[in-house]
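Subject: The two-chain model, with notes

Hello,

Here is the structure I promised to pass on to you. Please open it alongside this message and read the two together.

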Amino acid sequence: MRTEYRPSVVTRAVRTARALPLTPGITLATAQRVLQQIVRDRGSVALMLAIPCMLMVILKLMFDDADGAFERIGPQVFGIFPLIVMYLVASVSTLRERTSGTAERLLTMPVQRLDIVLGYSLAFGFLALLQAVLATLLSVGPLGLDIKGPPYLLMIIAMLGALLGLALGLLVSAFARNEFQAVQFLPAGVLPQFLVCGLFVPREDMSDGLSAVAKVMPMTYAVQAAGEAARHDGVTGLFVRDALLILGCVIVVLLASAATLKR
Amino acid sequence: MYGLRVTRGDRPLLDDISFAAPRGAIVGLLGPSGCGKTTLLRSVVGIQACAAGHVQVLGHPAGAAALETRVGYVTQAPSVYTDLTVLENLRYFSAALGLRGWRRENAVVRVVKEVDLADWADQPVGRLSGGQYSRVSLAVALLGSPELLVMDEPTVGLDPLIRQELWTVFRRLANEGTTLLVSSHVMDEADRCDRLLLMRDGRLLASCERSELLAHTGCASVEGAFMRLVRPGAGAASGTASSTASGAASASGRPDPVPVPTDSVPPSSGPETTSEPAYESAPASTPPDTVPPPTQPLFDGGLLPDPHASFFASECRGP
């Protein structure tokens, strides 16, 4: 043996954090890096922030004549549009991470799987917050969306929807071989939820089978919670239950996607 | 120091590979494309599922948590973020290694100098040339000052000047005590390595010092030696020279890892000896460095079946 064992600085720094399934410093650094990457791509940021706003404007123009339709539909889509937008961005960018070999490289380092997943969640969660604030301000302000509850409830729904989309995107990136497949999972996984969530037909009017399907789809609860916020002043028990359900879904899906990251 | 044996199941990618390497050496892993070099390197890093065998790296099983900062791995395709600048990449990866504050900046500045990218530090990696791109990937692996640096074809496709520079860096790292495991399918790279592992079709043909290999095969270059190991017909004129050479490398019909004159047998040889009883019949029963000169030319056509010799000839031309 020509050289004796010398514990490097790195080894000591990391050993202390080993007890947790994640290392806070590394998670934060990951979030920062993901944000850096997104900010580089100005086009994507602009699209992410503008698309929900644009859709709200279209909705307003569509239902300009129909009395009360915008008030009924408007809040409900707050659970849907951010979900779809965030799903697309998250699935493609994590897929890129997996296919470029960087995820594998990170896992040969003292990076743990939750570091990567939570880093992405934090970064995209921050974007989701911006998106939700913009869309809510636009709807309640210039578009004159009249809801009974406080507007911040809509923001919460939009945030939760976006987080759900993010988590689903992370999970799907594990099963998709390439970007084409990841995008194809959108009609497969998200659009059925969109159809049965109660936006087109109230869930009570659906056949038993369909309404049972709707009951296990997380988007249903996002739409229902948004409706609650629109119809009642203050926070109702149903709203809280739905919000917690969505949050639970987000956590389960995030853990599942962390499990799919393999060494 | 690491000894390694990998056997893989249904379709064997790597078949009964055993070798050990001393610290502070540049070990060249050479063989044609698709012979299992990457798989071998991946199992050294611990990201390859192995069907059997044991890989011991720096006194730990491969992939152990303790090795995460002590082993650097450079993948074949550069795995860095193309949309970030060189510095941003390095900062992030050093944070991923657990470095903080001045240690992090220190490490980043050191590796930027080491791979000579200071002038491009603020450029997005995607805009760099191919050589610079792969040097960024190398820089990331150097961040943690690893004791073992595993590199998958780090110099392939680079211009001669940069290759020369990289090999200077490798040599300096080795002199500082880092062990380097470098794969390549370009045989002339072998002349810069201390030790060689010759591979083909998932089997190890030789594992020895470069000079021993040359002495044994009686060839002037590793390329020639490799051809002789693979195709005994080539260079038959020097057959007598090889038959009298000391047994540094041996190959037979069975994928028999060459008895290396090892001063560096890994301490944990338990699982290795038990996993293959057939090995005991190999010439390893006598101490490797006292193997008597073979009476027959070692690499007879009958001893080393070679269905892919023609493919091989196009891959690396003999002298």
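Below are my notes, taken chain by chain.

First, some housekeeping. This is a predicted model, in which local features need pLDDT of at least 70 and side-chain atom pairs count only at pLDDT 80 or more, while totals for chains, interfaces and linings use all residues. Residues are numbered from 1 along each chain as its sequence is written, and chains are lettered from A and ligands numbered from 1 in the order in which they are written.

Chain A

Chain A has 12 helices and zero strands; helices (H or I, at least four residues) and strands (E, at least two) are DSSP runs, numbered from the N terminus. Its C-alpha trace spans about 85 × 40 × 35 Å along the principal axes.

The UniProt record, an unreviewed entry, places the feature "transmembrane region" at residues 45-63, 75-95, 116-140, 152-175, 182-201 and 243-261 of chain A. UniProt positions are in the numbering used here, feature names are shortened, and annotations may be inferred rather than shown by experiment. In the model, residues 75-95 of chain A are 86% helix and 0% strand, with end C-alpha atoms 32 Å apart. For residues 182-201 of chain A, the figures are 75% helix, 0% strand and 29 Å between the end C-alpha atoms.

Helix α5 (residues 81-99) of chain A packs with α8(A) at an angle of about 30°, and their axes are 7 Å apart. Axes here are lines fitted to C-alpha atoms, for helices over the stretch in contact, and angles run from 0 to 180 degrees between N-to-C directions. α5(A) and α8(A) are therefore roughly parallel to each other; angles under 35 degrees count as roughly parallel, over 145 as roughly antiparallel, 65 to 115 as roughly perpendicular and the rest as oblique. Residues of α5(A) in the contact include A:Met86, A:Tyr87 and A:Arg98, and those of α8(A) include A:Gly161, A:Gly165 and A:Gly169. Contact means that the C-beta atoms of two residues, placed from the backbone, lie within 7 Å. By class, this contact of α5(A) with α8(A) has 15 nonpolar, six polar and one charged residues. Ala, Val, Leu, Ile, Met, Phe, Trp, Tyr, Cys and Pro count as nonpolar, Asp, Glu, Lys and Arg as charged, and the others, Gly among them, as polar.

The other pair is helix α7 (residues 113-140) of chain A and helix α8 (residues 151-175) of chain A, whose axes come within 8 Å and cross at roughly 145°. The contact of α7(A) with α8(A) has 18 nonpolar, four polar and no charged residues.

Chain B

Chain B holds an open sheet of six strands in the order β6-β7-β8-β3-β9-β10, with mixed pairing; two strands pair if DSSP finds at least two bridges between them. At its edges are β6 (71-74) and β10 (203-209) of chain B, each pairing on one side only. On average, neighbouring strands of this sheet are turned by 15° against each other, direction ignored.

Inside the sheet, strand β3 (residues 26-30) and strand β8 (residues 179-184) of chain B pair in the parallel sense over five bridges. B:Leu29 has B:Ser183 in β8(B) as its bridge partner. Helix α6 (residues 210-217) of chain B packs on the sheet, where it touches β9 (195-200) and β10 of chain B, and its direction makes about 110° with that of β10(B). Helix α4 (residues 130-142) of chain B lies across β6 and β7 (148-152) of chain B, running at about 170° to β6(B).

Helix α2 (residues 86-96) and helix α3 (residues 101-114) of chain B pack at an angle of about 130°, with axes 9 Å apart. α2(B) and α3(B) are therefore oblique to each other. Among the residues that meet are B:Leu87 and B:Arg91 in α2(B), and B:Arg104 and B:Val108 in α3(B). This contact of α2(B) with α3(B) has seven nonpolar, one polar and two charged residues.

Where the chains meet

How many residues does the contact take from each chain? It takes 31 residues from chain B and 29 residues from chain A. On the side of chain B that touches chain A, the largest share, four residues, comes from α2(B). The residues of that side of chain B divide into 15 nonpolar, nine polar and seven charged.

Best wishes
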